[in-house]
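Please open the structure in a viewer and keep the selection tool at hand.

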Amino acid sequence: LLLVISSLSLFSQPKIIFDTDIGGDADDLGAIAMLHNYVKRGDCELLAIMSWSDDEYAVPAIDALNRFYLHPNIPIGTRKDGTSTSPTNYNQAIAKNFEYKLTYNDVPDATDLYRKILASAVDNSITIVTVGPLLNIQRLIQSKPDKHSPLSGDVLISKKVKEFVIMGGKF
């Protein structure tokens with residue numbers, strides 16, 4: 001029985017949290033599309049999508065993409081620093097042309113959602129994929145114990161995160 005359980009864990013789906021600065025260029029949109037297709041094929045579990053972007057249409061665009069790919073229940077978190085509008089990105093076009101239900105005010109702060117997911121995860125089981133600036137990650141690292149976990153953010157990451165995949169991060 002132990003051999004069977006060990007074998008199953010070797011082939012378990014990666015559990016991914018995707019952190020994006022969606023809107024400015026196509027890499028984020030392409031990555032979200034790929035992740036949704038991996039979920040559909042059973043190749044990974046997408047636990048949440050975190051938005052670094054402060055664009056007011058970022059959350060609606062992510063929600064529209066989740067709904068388009070038939071995964072409307074994937075949680076979304078965003079940094080809660082207020083919103084702005086950028087006429088040069090594609091978030092507003094996605095939101096205006098595809099169904100969405102969630103806005104900035106409907107989703108939790110990214111750090112809180114990170115901590116909630118990590119606290120309930122099996123040790124060394126989470127992969128965090130980031131595309132763009134790393135402010136959400138910085139805030140997670142610096143976070144203090146809370147209702148989700150008695151661990152500080154850096155300790156929570158060390159205990160729960162198996163792998164970081166970072167593209168284009170700013171430190």
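A contact, or touch, means that heavy atoms lie within 4.5 Å of each other. The model is predicted, so local features need pLDDT of at least 70 and side-chain atom pairs count only at pLDDT 80 or more, while totals for chains, interfaces and linings use all residues. Residues are numbered from 1 along each chain as its sequence is written, and side-chain values use heavy atoms, with hydrogens and water left out.

**First stop: Asn-124**

Select Asn-124, in the loop between helix H5 and strand S4. Helices (H or I, at least four residues) and strands (E, at least two) are DSSP runs, numbered from the N terminus. Which residues does Asn-124 touch, not counting those up to four places away in sequence? They are Lys-159, Lys-160, Val-161 and Lys-162. The C-alpha atoms of Asn-124 and Lys-160 are separated by 4.4 Å, although the two residues are 36 apart along the chain. Asn-124 is not a glycine, yet its phi is positive, at about 55 degrees. Its relative accessibility is 46%, so Asn-124 counts as partly exposed. Buried means under 20% relative accessible area, exposed means over 50%, and partly exposed lies in between (1.4 Å probe, protein chains only).

**Second stop: Leu-70**

Next, select Leu-70, in the loop between H3 and strand S3 (76-78). Phi of Leu-70 is also positive, near 65 degrees, in a residue other than glycine. Is Leu-70 buried or exposed? Leu-70 is exposed, because its relative accessible area is 70%.

Move to Thr-111, which is placed in helix H5 (residues 110-120). Thr-111 counts as buried because its relative accessibility is 12%. Beyond residues up to four places away in sequence, Thr-111 touches Asn-136, Arg-139, Leu-140 and Ser-143. Asn-136 is 25 residues from Thr-111 along the chain, and their C-alpha atoms are separated by 6.5 Å.

Select residues 26-41, which form helix H2. At 1.5 Å a residue its 16 residues should span 22 Å, and the end C-alpha atoms are 23 Å apart, which agrees. The expected span is 1.5 Å times one less than the number of residues. Now colour the buried residues of H2: Asp-28, Ala-31, Ile-32, Ala-33, Leu-35 and His-36. An α-helix has 3.6 residues a turn, so residues three or four places apart point the same way. What do the buried residues of H2 pack against? Their partners are strand S1 (15-20), strand S2 (45-51), helix H3 (58-68) and strand S4 (126-131). Just after H2, select Gly-42, where phi is positive at about 85 degrees.

**Last stop: the whole chain**

Along its principal axes the C-alpha trace spans about 55 × 35 × 30 Å. Of the 171 residues, 43% count as buried. Among contacts with a separation of 6 or more, 82% are between residues 24 or more positions apart.
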